[in-house]
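Hi,

Here is the structure I promised to pass on to you.

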Amino acid sequence: MTARLPFSKEVANLLWAAERSPVTACIQCGTCSATCPAVEFMDHSPREIIAMIRAELRDKVLASNAFWYCASCYQCTVRCPQRIDITDMMYALKRYSIWRNQYQKGLIGPGFSKLFVTSIIKRGKAFEPGLAPSYVSKYGLRGLLAESCTALRLFLKGRLPVIPARVKRIKQFRRLLGRIIPVGGLA
Amino acid sequence: MKAYAYFPGCSLERMARSYHISTLETARALGLELKELEDWNCCGATAYFHIDELLACALSARNLAIAEKDNLDLVAPCSGCYKNMYFANIHLREDADLAEHINAALEEDSLHFSGTINVRHLIEVFVNDVGIQEIKKKVTRPLTGLRIAPYYGCQLVRPRKDHQDVEQPQFFEELLSALGAAPIRCITKLRCCGASLIVTNRKAALAMVHTLLQDAVDHRAEVIATVCPLCQINLECYQNQANREFGTKLSVPVLYFTQLMGLALGIPPKRLGFGREIVSIPRTLLHGEKKEVAAHAR
């Protein structure tokens, strides 16, 4: 059996597309956490997540909600004095946790992302109402009512899509994506 | 007449229809030709990067390759589409192995990526290619004294593209000043609107939306101007829910910057997609008589 890579190395490998420094360059200054607009909702701040990766706390990182609260605003990325692409690291952690099917229960993010990806493979364009089942069921009655009101207002203003749009050369489009990874399982 | 390949993106087909309409009208008034990209597909938004980077790259590459056929720069009015396609273009240009892999897939649709065009955001095309002075010359109905909060959001400026100023950009304020308006210096102009968290983490997103609205109201903004359909939808359509969450009664109209530009350029409001607002706009905005609006806002 081949030896498994340490978690910190796995994360470094996941960041292959990032142009900046790996997480090992982090000096724990906390600029990322101070600048993050969603940090108050995270159970561990971005700085803590980096420290946990370096301490090889794989399961603890995957159990965190932090990266699912990242809105991809890139404020941390442009302010990091060590030029670590922290937003890309958050994306990498999302991918890693979806691949391993290991994430905090009750989060909407993983299911929503999967549904979004499969719907684009199907039609080539986004259809917002089709994504609703992945989240409204988790909002509770009050949330569901609020969401229905918002949707109704949009509908009355002619802003709610009713008919899904589609790429014209959809067969070629699907074959194109199929050459990247076998998407049969997803689609 | 300078021509561009125009990538409206999924939101502009319906939810942000007024952005689409006002973009085309404003561009025409400024002498730009926007040719809609033939058979374009979704840019992948953020969700694709949660699943697979190569898939996300392939989605953008298809759009880039279609634009290359006409050798036109690709213009996106949505900050998310812009960021995705901008960086896919850079990564594919710099990484020959990646480009080879993606090109093998593009063959399925008889397309090829060579990296010959650039990806631009609509506001950046207006500011840099048309020029603020030129726009100022074409203003026939100045928005005199209108207090507009320019909201840049995130992905228009971040992560850094070329030598752009990511901390204190000023071009949006300069553009609004050229229209005769009075841009407000909100400290939250670059703070995130919550983006897709509005779906996946509602509580967090509403807090982020509320922070922005409160800042605009504190600065007595009459309108917030946006450059992205998702920012617009979060700030306008979820204003109600944010108010309920925080027990406030904030009410700020949120318009696309192209709608405000169009008004200043003398284009009739009905050709700029007005009438689809959820938070109603000051009636006087569409008919002049600015003074009353200002008095009312106090």
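First, the ground rules. This is a predicted model, so local features are given only at pLDDT of at least 70 and side-chain atom pairs count only at pLDDT 80 or more, while totals for chains, interfaces and linings use all residues. Residues are numbered from 1 along each chain as its sequence is written, and chains are lettered from A and ligands numbered from 1 in the order in which they are written.

**The two chains**

Chain A has nine helices and zero strands; helices (H or I, at least four residues) and strands (E, at least two) are DSSP runs, numbered from the N terminus. Its C-alpha trace spans about 50 × 40 × 30 Å along the principal axes. Of the 187 residues of chain A, 37% count as buried. Here a residue is buried if 20 or more other C-beta atoms lie within 10 Å of its own, exposed if 12 or fewer, and partly exposed in between, with C-beta atoms placed from the backbone.

Chain B contains 15 helices and eight strands. With a radius of gyration of 19 Å, close to the 19 Å that the globule rule gives for 298 residues, chain B is as compact as a globular protein of that length. That radius is taken over C-alpha atoms, and the rule is 2.2 Å times the number of residues to the power 0.38. The C-alpha atoms of chain B fill a box of roughly 60 × 45 × 35 Å along the principal axes, and 56% of its 298 residues count as buried.

Contacts also say something about each fold; two residues are in contact if their C-beta atoms, placed from the backbone, lie within 7 Å. In chain B, 78% of the contacts between residues at least 6 apart in sequence join residues at least 24 apart. For chain A, residues 24 or more positions apart account for 62% of the contacts with a separation of 6 or more.

**Where the chains meet**

On the chain B side 51 residues are in contact with 51 residues of chain A. Helices H1 (10-13), H3 (47-51), H4 (53-69), H6 (96-106), H9 (197-200) and H10 (202-218) of chain B each supply at least two residues of that side. By class, the side of chain B that touches chain A divides into 26 nonpolar, ten polar and 15 charged residues. In this scheme Ala, Val, Leu, Ile, Met, Phe, Trp, Tyr, Cys and Pro are nonpolar, Asp, Glu, Lys and Arg are charged, and the others, Gly among them, are polar.

**Two domains in chain B**

The domain assignment gives domain 1 (2-121) and domain 2 (134-297) of chain B, with bounds from an automatic or database assignment. Their centres, taken over C-alpha atoms, are separated by 25 Å. Between them, 22 residues of domain 1 of chain B are in contact with 27 residues of domain 2 of chain B. H1, helix H2 (17-29) and helix H5 (79-94) of chain B give two or more residues each to the domain 1 side, and H2(B) gives the most, with nine residues.

**Helix H7 of chain A**

H7(A) (residues 109-123) has 15 residues and reaches 21 Å from its first C-alpha to its last, close to the 21 Å expected at 1.5 Å a residue; the expected span is 1.5 Å times one less than the number of residues. Its buried residues include A:Phe112, A:Phe116 and A:Ile120. Helix H6 (86-99) of chain A, together with H3 and H9 of chain B, is included in what covers the buried residues of H7(A).

Why does A:Phe116 count as buried? Because A:Phe116 has 26 C-beta neighbours inside 10 Å. Leaving aside its neighbours within four places in sequence, A:Phe116 is in contact with A:Leu131, B:Ala45 and B:Ala47. Just after H7(A), A:Gly124 takes a positive phi of about 85 degrees.

**Strand E7 of chain B**

Both faces of E7(B) (residues 223-226) are covered: B:Val223 and B:Ala225 on one side and B:Ile224 and B:Thr226 on the other are all buried. Strand E5 (residues 147-151) of chain B runs parallel to E7(B), joined by four bridges; strands pair if DSSP finds at least two bridges between them. In that pairing B:Ile148 stands opposite B:Val223. Three bridges join E7(B) to strand E8 (residues 254-256) of chain B, also parallel, and there B:Thr226 stands opposite B:Tyr256.

Best wishes
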